Amino acid sequence: MDSASAWFERHGWKATLFGRLIPAIRTLISTPAGMVAMPMRAFLLYSTLGSLVWITALTVAGYMLHGQYHVVADYIDPLSKVVVLAVVGLYLYRLVTHKEEKPQA
């Protein structure tokens with residue numbers, strides 16, 4: 001927790017801005033921001049900017065790909081399966097190799 005908090009304190013605005021562009025991270029980025037007491041105005045500013053970039057990218061992609069879903073699906077479907085397998089594989093690897101930290105006295 002301490003190292004994660006320290007990392008967020010160093011990269012908070014970047015993590016908030018770019019975290020809104022990454023699926024799964026975008027829903028969780030508020031938690032570390034709250035844990036390190038990121039100022040509300042800064043959080044709202046960078047969160048809004050990141051969300052606007054994401055929404056704009058999706059809107060432009062939807063407009064450009066209108067009627068071409070079958071072409072996009074041919075690329076996205078295998079790629080999404082690779083991403084899911086990679087995430088599950090990383091989780092299993094970390095689960096197997098995790099070492100319990102001994103509490104310091």
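**View 1. Buried positions along helix α4 of the predicted model.** In this predicted model, the residues F43, S47 and G50 of α4 are buried. The helix itself has 25 residues, and the distance from its first C-alpha to its last is 36 Å, which is close to the 36 Å expected at 1.5 Å a residue.

View 2. Because its relative accessibility is 13%, and buried means under 20%, R20 counts as buried. Leaving aside residues up to four places away in sequence, R20 touches R26, I29, S30, F43, S47, G50, S51 and W54; among these, F43, S47 and G50 are the buried residues of α4 shown in View 1.

**View 3. Polar contacts made by the side chain of R20.** The side chains of R20 and S47 are joined by a polar contact of 2.7 Å, and a polar contact of 3.4 Å joins the side chain of R20 to that of S30.

**View 4. The largest pocket and its lining.** The largest pocket holds about 380 Å³ of space, and its lining is formed by I22, P23, A24, W54, L58, V72, I76, L79, S80 and V83. The elements that give two or more residues to this lining are α4 (40–64) and α5 (69–97), with α5 giving the most, namely five residues. By residue class, the lining of the largest pocket divides into nine nonpolar residues, one polar residue and no charged residue. W54, one of the lining residues, is also among the residues that R20 touches.

Definitions and conventions
Residues are numbered from 1 along each chain as its sequence is written. This is a predicted model: local features need pLDDT of at least 70, side-chain atom pairs count only at pLDDT 80 or more; totals for chains, interfaces and linings use all residues. Side-chain values use heavy atoms; hydrogens and water are left out. On a 1 Å grid over the protein atoms alone, a cavity is a set of points where a 1.4 Å probe fits but cannot get out, and a pocket is an open set with protein on both sides within 12 Å along at least five of seven lines; lining residues have an atom within 4 Å of a point. Grid points are joined across faces, edges and corners, and a volume is the space filled by probe spheres set on the points. Helices (H or I, at least four residues) and strands (E, at least two) are DSSP runs, numbered from the N terminus. Ala, Val, Leu, Ile, Met, Phe, Trp, Tyr, Cys and Pro count as nonpolar, Asp, Glu, Lys and Arg as charged, and the others, Gly among them, as polar. The expected span of a helix is 1.5 Å times one less than its number of residues. Buried means under 20% relative accessible area, exposed over 50%, partly exposed in between (1.4 Å probe, protein chains only). A polar contact is a pair of N or O atoms within 3.5 Å; within protein, one must be able to donate a hydrogen and the other to accept it, and residues adjacent in sequence count only if both atoms are side-chain atoms. Contact means heavy atoms within 4.5 Å.
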